[in-house]
Amino acid sequence: MITTIRIAGVDYPITYTPTPELENVLAFIDFNRNIIQVNNSYPKETQQLSLLHEVVHGVNYAYSVGMTEEQVERFSRGFYAMVKDDPNYKIFEGS
């Protein structure tokens, strides 16, 4: 799994942890601290989809796109499916 990602010129370290602050949460992005946390108590694909979801939130925030949570979720799932379904397109390590 990747450990950092750059969104609009800002590096976001990514941590994978089942910390109490992630109880019942798959992942979250903190724009004040520039970090992404992913709950690693879920299966690998759920973690990847959750990370992509948070990255879309980051792009949405950085560029003031104005996507709703539902739009972020749908876009994330569609993009994730495209990446997973096309063996020639690699975005995740080891995929």
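**Helix, contacts and rings**

Modeller: Let's start with helix α1, residues 44-62: at 1.5 Å a residue its 19 residues should span 27 Å, and the end C-alpha atoms are 27 Å apart, so the two agree. The expected span is 1.5 Å times one less than the number of residues. Helices (H or I, at least four residues) and strands (E, at least two) are DSSP runs, numbered from the N terminus. This is a predicted model, where local features need pLDDT of at least 70 and side-chain atom pairs count only at pLDDT 80 or more, while totals for chains, interfaces and linings use all residues. Residues are numbered from 1 along each chain as its sequence is written, and side-chain values use heavy atoms, with hydrogens and water left out.

Colleague: What follows α1?

Modeller: S64, with a positive phi near 50°. Y63 is in the loop between α1 and α2 (69-85).

Colleague: Why is Y63 called exposed?

Modeller: Its relative accessibility is 55%, and exposed means over 50%, buried under 20%, and partly exposed in between (1.4 Å probe, protein chains only). So Y63 counts as exposed. Along with V59 and V65, Y63 makes a nonpolar surface patch of about 290 Å². Patch members need over 30% relative accessible area and no salt bridge; nonpolar side chains (Val, Leu, Ile, Met, Phe, Trp, Tyr) are joined within 5 Å, like charges within 9 Å.

Colleague: What makes E45 and K84 a salt bridge?

Modeller: Their closest N and O atoms are 3.7 Å apart, and the term asks for a side-chain nitrogen of Lys or Arg within 4 Å of a carboxyl oxygen of Asp or Glu. So E45 and K84 form a salt bridge. The pair links distant parts of the chain, E45 in helix α1 and K84 in helix α2, 39 residues apart. E45 is partly exposed because its relative accessibility is 48%, and K84 is partly exposed at 34%.

Colleague: How many salt bridges does a search of the whole structure find?

Modeller: It finds 5. Among them, R74 meets E70 at 2.6 Å, N to O, and R77 meets E73 with the closest N and O atoms 2.5 Å apart.

Colleague: How do you know that R77 and E73 are separated by about one helical turn?

Modeller: Because they are 4 residues apart in helix α2. R74 and E70 are also 4 residues apart in α2, about one turn. R74 counts as exposed at 59%, whereas E70 is partly exposed at 46%.

Colleague: How many aromatic pairs are there, and what makes the pair of F31 and Y61 stacked?

Modeller: The structure holds 2 aromatic pairs. The ring centres of F31 and Y61 are 3.9 Å apart and the planes are at 15°. Rings of Phe, Tyr and Trp (its six-membered ring) pair if their centres lie within 6.5 Å; planes under 30 degrees apart count as stacked, over 60 as edge-to-face and the rest as tilted. So F31 and Y61 are stacked. F31 sits in the loop between β3 (27-30) and β4 (35-38) and Y61 in helix α1, 30 residues apart, so this pair links distant parts of the chain. F31 is partly exposed at 26%, while Y61 is exposed at 52%.

Colleague: And why are F75 and F79 called stacked?

Modeller: Their centres are 6.0 Å apart and their planes at 10°, so the pair is stacked. Being 4 residues apart in helix α2, F75 and F79 are separated by about one helical turn. F75 is partly exposed at 46%, and F79 is partly exposed at 24%.

How values were computed. Areas by Shrake-Rupley, 256 points an atom, 1.4 Å probe, with all protein chains shown as cover.
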